[in-house]
Structure formats: C-alpha cells, structure tokens
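Open the structure in your viewer and keep the selection tool ready. This tour goes stop by stop, saying what to select and what is there.

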Amino acid sequence: MPAVKIKNIHIQGLRGVKDELVLPLEEKSIVLYGDNGTGKSSITDSIEWFYYGKIAHLSGEEIGKLGLEALRNISLPDDKKGSLEIKYSNSSLNCSKNIEIKKGILKTDSTNKNTSFVEFIKASQRERLILHYAELVNFILSTKTEKLANVSEIIGFSEVTSTRTVLKKALNDLARELKNKNLDGTINIQQGNLLKQLNQNITSEPHFINAINELISPLKLGKKIEKFSDINAIIMAIKKPTDNTIIEQQSFYSGIRDHVGKLKLKIDSFDEAYREYETQYNKLSGDADNLKKIILNDLLGAGEKILKEGHYTDSSCPLCLQPKDSKYLLKEIQERIDDIKKVRAEQKKLSDIKTQFEATIKEVAYDVNGLLKNKYFIDPSNAKLKAKVEIVKNALSKYSQELIVDIAADKKIKTSAELKIKPNSLNEVEAICSQKYDQLKSQIKDDKATDIVVKIELSKSAYSQIEALKKEKELIEEQKATFEIIYADFVKKQKEGLESFINNFSGIINEYYQFMNPEEQIKEIKLKTIENEDELVGLTVSFKYYDSEVSPPHKYFSESHLNCFGLAFFLASVRAFNKENKFILMDDVISSFDANHRKRFADLLIEKFAEYQIILLTHEKQWFDYVKSVVQNKNWQISEIKWSEAKGAHLEESAGSLRQRIEYKITNNVDDDLGNNIRVYLEHILKNIASTLKVKVEFQFNDKNEDRMCHELLSELKGKAAKSSTDFTVYSPLFGRTLASTFIANKDSHDSSFNPSMGDLKALWKDAQDIENLFYCVTCQKFVSLKYYDEGNKKVKCKCGAKEYSWKK
C-alpha cells in the first residue's frame, strides 16, 4: 500500500477550536499563518493525539500523563464531543477520533476499528510526522546513549540490540557455569575414587568393565560382566543382607569427603567472586554523594522535560531563580542525569555480581544442608564430624550475610580475607571422613565378598558420576561454542548493517544541512558509533570544521546552526523512515532562524520534498509572505488562522466559500452577521483589484497593510480609475453608492444601535457584485491587470482580453 496523504482534516471542540476548523487539503501542501494565540497549535496537538493517543508537551502531573484534560476546548458543553476526523487518500483509513465526558470521566474512542487501521497507526507511531520548534535541538543536545536509543527506536535497531544482549548474556552465563561448576575438578575427584577402589586409572567403559571383572575373579562366580548394566546382577549375586549398612556408611563418609573436595576447588572462585563484589561495593559506597543524588533523578527528569518541550523559557533556573540561559540549564541537567545513569549502571553491575554469587552460594549451601540431614549424623560417634560440617555451613552463611548489607546505609562490609573459608577446617572434615572410612574398611578386610561388593558399589557410583559430568561438560561446551559462533556472526552483521545505515543517514543529514548553509566551513557531518568492549554504547555527531574533525556540534554551532541541524535530522528521518505517511507537519520551527536560513529552509522543502504533503504553520509574517510567493504556482494551499470569541481558532474564509455563505443567507433571509460577511468579501475583492492595477494607498507597516478597510481601498481605486481612464466615468455613481454603502457594512460589523434591514444588505451585496464585475472576467477567471497591459492601444485587460479598459500608466 503506497504511503498516504491527507484529503481533509475536520476539528471540532479541541484545544483552541471552539466551533470547527476544516482543512480541505485534497492531498495538497498548505502554509498557514496565524499570530501567536490564534490556535495554530490546535491543529498540531489534535493530530498528535490522533496518532499517538497523547499530547507530549501537555503531559504532566497537573494535567495528566496523556494531556487529555487539556484537549477538549474549555468552553465545550459536557454533552458535546470534541473530535478530529481525518480523511486519507486511502479511504479505508478514514477515521474520526472523539473525546467526551461520560459520568464525569474523559473517554476517547475511534470510529475505525479495522485491523488495517490499527496496524497503520501502530506503524505510524514509529515515523517522524510532527516537528515542534522546542524539539529541534533535542537530538543534538541529548547524551550519546540517548542518541543511540533515539535512532535505534526509529529503525527498530533496539530490538536487534536486545537480541544481541540476550545472546551475550547467554554466552557469559555458559562461561560462568563452566567456571563455577569446575567440572574437570569434580571429575578428577571421582577419578581418584576409582583409583582407590580399583587401583587403576580408568579411561573408558571397556577398561572399567575389565577392572570389575578382575576384582570379582577371586570369587570364582563363573560369569563375567559384559556391559555396564550387568553390574547390578553381579552385586546381587554376591551381596549379603548385612552389607547394606556397611555400603551406606562408607558411601556417607565418601560422599562428605567428595563434597568437601568440590568445595575446596571452589574456595578460590568464591574468594574471587566476593572480591569483585567487595570492590564494586566499596567503589559505590565511597561515592556517597552520587548515591544520594539518585533521589533527585525524578526532579531532574521533570526539569529536563519542561525545558525540552519549551514550557519554561525564562533565563533563570525555575528552582533557585538564579540567572541561567535555558539551553545551558538543560545541558547541565542532562549532564547530571547522565551522571546518575552512570551511578545506576554501577548499581546494576553490583546487583548482577551479587545475584550470580548468591546463586553459587545457595547451590553449595543446599548440598551441605542435604548432608546434615543424613541419618548417620544423628549417631553420637559423628558428633565431631557434624560440628566440623556446621563450621563450614556457617562460613558459607557469612558470605550471604554480607550480601544483604544495604549500600545506602553507608556500612562497611567484611573483606574477602575475613570471609575466606579456611582450608584447615575442610581438611579436618576430610581427615575425619577418611578415618571413619578406613575403620569401616578394616572391619570387612577378612570378608572378601563384602569388601568386593563395597568396592563395586563405590566404583559404579564414581564411574556413573564421571560419565554424567563428562556429558554435562560436553553439552555446555557445545552450547558455548555454538553461541560464540552465533554471537560473533551476529555482531559482525549488526555492525555492518548499522554502519551502512549510519553512513547513508549521515549523508542525507549533511546534504540538507549544506543546502541550508552553503559556502560555510562546516562540512561532512557524520553520526559515529561509540563502542566499549565490543558493545555499542552510544552515538556522537562529528563534522569537519576548517578541515579538522571536531565534536560535539553544540560546542561550535550558533543557535541558528543548531536549529538547521535539527531540521536536517528531522527531514532525513522523514526520508529514511516514513513508509506509511507521505505528509509532515511543522509547527513554528523557524522562530530563531536568521533571515538567510529561513529562505534556504523554505527552498529546501520546495525543492527536495515536492512529493510530500507539507503542513507548515508559522507566526512569522515575513517568512509566510516569502513561502506564499514561491508556492503560489506549485499547487499549495495558502491560508490564515484567526481567533474569535464565538468560533475560537478558525480559518480565514476564502472569497469563494464566503460568497456561497452570503448568497445562502440572502436567499433564506438570514441577516445574522451578513453585513460583516459582505464587508469581508468586498475587502478581499478590493485588495485583489488594488494589487493588479497598482493602486497606491498610504504606506503602512507589516500587518496593518493587510488590514485595509473597504472605504480606504474603494476611495483610492475610484481616484486611480478616474485619473487613468475615461471608461470609468459612467461608473462614478456606482463608486459613490458603494462608498456610502460601506457605512452599512461597518455598522453591522460592530456594536451599534443601527440595524440594517435585509433590503439594505441586499443593496450592499448588489453594489459589491457590480464592483467585482467591473474588474473580474468570468471567462478566464482573472482580474484586469497591468500584467496584461496593451502598450499599443493603451488598454488594461484581463488575461483572455474579453474585459478591457482604456488606461494611462
């Protein structure tokens, strides 16, 4: 589906629009002029709400997080809906979005609930459709991390980064699991057990089976073990009922010895992990001031939002009221927020270390607690052993106790040297277990069968554990190797994709910036990625300044140049990312531009974005006049926004639609505001005639020139016609009559005791039409103009020549 343009916008009862405001765009671009306070931004706010469900610059604690409390026009009755209807070039997307009060609560709904429309809005929310002046420098003043997040969100790269983060975490987790489990060390412990029982270093299953067969050969059973599963049958053949107790006890002491052996392997890794935690903890606790600043994060964030959205423009800090330029204040706030983000990142690092270490401690503690529940610990003869194991348990719990110390309490934690488990205590446990194990072994030394059964049982257990540990190690290593390949390839593709996009995107930004700033020493503007340990951590903006590469722009750019970059970035984003919509709306974006940049920006829009539908709002009259002059023949619409108590924000009516309204009122004898309607229409016609015939009126500055009254314009036109042509002598009574009739229009336009009758108003309308017909040709639909002056015959004509008058220049 091709990107859509807007055919019609109809706003009722929203923001500054009390009655209605209609933009019959018919897929055309439009430039709209309106003084500050006339309600231009009502259009912007309404469209922003339509697409995004909120108005960002109105969102806040006092108004509400979505800004909806300020959306309905304040004078709208509770039983009336506020609404925005948009009709698109694709009619299936046409929709009206309403807001109304139901049972005292604001409710919103949309008329188009089709899946295609819902998906269209969802996709549109990722596009760049609206630009406010306050947003121009947001990107360039944002932190490096925020720049990356901004671009990532637009291009969907944040999802790619999230995937990369997941892959990296999985890879790190597997590496950590291999290290923490120390599977090689555990395998060696069990290999040692096999060596004790079989007096051989077993290397394979056939080797193990052969060793068992050698072990049972003195019993002359008349059968051999062929495979591992045959072992249980052999054990049952030679085991006596009393053997179970001996086997359980020897397994008990052997098991404790094995666990202690594994724990000894982990002492150093425990110590290393805790030292990492201790270092990070001390680093943060030693920066207590920054930790305390975290509580200011919400306040600073609110200040940043207010300044970014242009709600506060005074040259002072809103809290301390000390003199401070708002842009520099915003930069300082962002730097403080950035510092807090760094502290929070360090806090998260501490939390991650703690979580990983806690998991390891809990795993070992769980094993120790399981040992202590064994029934043989109840035996008084094992009291000393139990006490020694309890010492080990307590040593582990001390780690856990330090991990729960609140860093905000500004307390010191114990050092790794104070907590490290002493090898002596573990050695003592091993010594007791070995002694007990040997005592049991001595009891059965004369019972060959029992001795062999015990050796087989313990050998089988050791060998089974070795095989399981080998498989576990192999599986983890295979997973790790696979993730390493995937991650390396993913990182390579990610970098290639991002670099390609960044280079192309930078080229577009630079092209638009150079268009607005030709022949300046700022060249080759680029976005550049920033990496830290193979991780993308931010974006920065660099450029060539007198052939030297420098950064950041706000260190060198003037305010006008910063705004040019903001426009270039927005327009490049439109070009790169907008796939659903072919329109953009820019609201008063040239307020701080110098004259040259304003002109170049207008030229950029017209030359580079001719295929886009542009909705351009401005309160800058000179710039409006310039844009109006260059788009008149480019199928743009041109209009002005006015404000009145009765209507609120509304468009200045065109002569054509005003004529239809006047004729409707006259036909139906509706005199309400009719005199004022005729006055406005006559003023519009007289301004056109005065322009085409170069009728001179008294000089007025700026907007006063646009507010010429009928009587002044008509008087000067009458004088000009009398001096330039004898053809108008016959029309002198018409001029005189119409001049007198303007009294009626003026009185009807203002509070007055004079109430013109319908007959008076019809006569006024007849005079206005007669004046128009003198100078307007219905055939070519052009006014007579000096543009079509016939030098030979000294005549002024319309374009087709059907209407002409003698005329002396």
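Select helix α21, residues 674–692. In this predicted model, 14 of its 19 residues are buried, so α21 is largely enclosed by the rest of the structure. Now look along its length. From the first C-alpha to the last, α21 reaches 27 Å. That is close to the 27 Å expected at 1.5 Å a residue. Then step past the end of the helix to Lys 694. This residue follows α21 and has a positive phi, near 55°.

**Aromatic rings**

Next, colour the aromatic side chains. How many aromatic pairs does a search of the whole structure find? The count is 39. Start with Phe 117 and Phe 120. Their rings form a tilted pair, 6.2 Å centre to centre, with 40° between the planes. Both residues belong to helix α2, which covers residues 115–124. They sit 3 residues apart, about one turn of the helix. An α-helix has 3.6 residues a turn, so residues three or four places apart point the same way. Are Phe 117 and Phe 120 buried or exposed? Both are buried.

Move on to Phe 208 and Tyr 463. Why is this pair stacked? The ring centres are 4.4 Å apart and the planes meet at 10°, so the pair counts as stacked. The cut-off for stacking is an angle under 30 degrees. This pair links distant parts of the chain. Phe 208 is in helix α7 (residues 205–216), Tyr 463 is in helix α16 (residues 448–516), and 255 residues separate them. Phe 208 and Tyr 463 are both buried.

**Charges over rings**

Which residue lies over the face of Tyr 437? Select Arg 257, at 5.0 Å from the ring centre. Then select Tyr 612. Here Lys 582 lies over the face of the ring, 4.3 Å from its centre.

**Cysteines**

Now show the cysteines. A disulfide is a covalent bond between the sulfur atoms of two cysteines. The count of disulfides here comes to 0. Stop at Cys 95. Its relative accessibility is 2%, so Cys 95 counts as buried. Cys 564 is buried too, with a relative accessible area of 0%.

**A three-stranded sheet**

For the last stop, select strands β17, β18 and β19. These 3 strands form an open sheet in the order β17-β18-β19, with antiparallel pairing. Look at the edges. β17 (785–790) and β19 (804–806) each have a single partner strand, so one side of each is left without a neighbour in the sheet. Neighbouring strands are turned by 35° against each other on average, direction ignored.

Take the pairings one at a time. β17 and β18 pair over 2 bridges, in the antiparallel sense. Select Asp 790: its bridge partner in β18 is Lys 795. The hairpin of β17 and β18 has 4 residues between the strands. Among them, find Lys 794, which takes a positive phi near 55°.

Continue to strand β18, residues 795–797, which is joined to β19 by 3 bridges. These two strands also run antiparallel. Finish on Lys 797. What is its bridge partner in β19? Select Glu 804.

Notes:
Residues numbered from 1 in each chain as written. Predicted model: local features only at pLDDT ≥ 70, side-chain atom pairs only at ≥ 80, totals over all residues. Heavy atoms only, no water. Phe/Tyr/Trp six-rings, centres within 6.5 Å; stacked < 30°, edge-to-face > 60°. Buried < 20%, exposed > 50% of the residue type's maximum accessible area, 1.4 Å probe, protein only. Lys NZ or Arg CZ within 6 Å of the ring centre and 35° of its normal. Disulfide = S-S within 2.5 Å. Pairing = 2+ DSSP bridges. Axes fitted to C-alpha atoms, helices over the stretch in contact; angles between N-to-C directions. Expected span 1.5 Å × (residues − 1).
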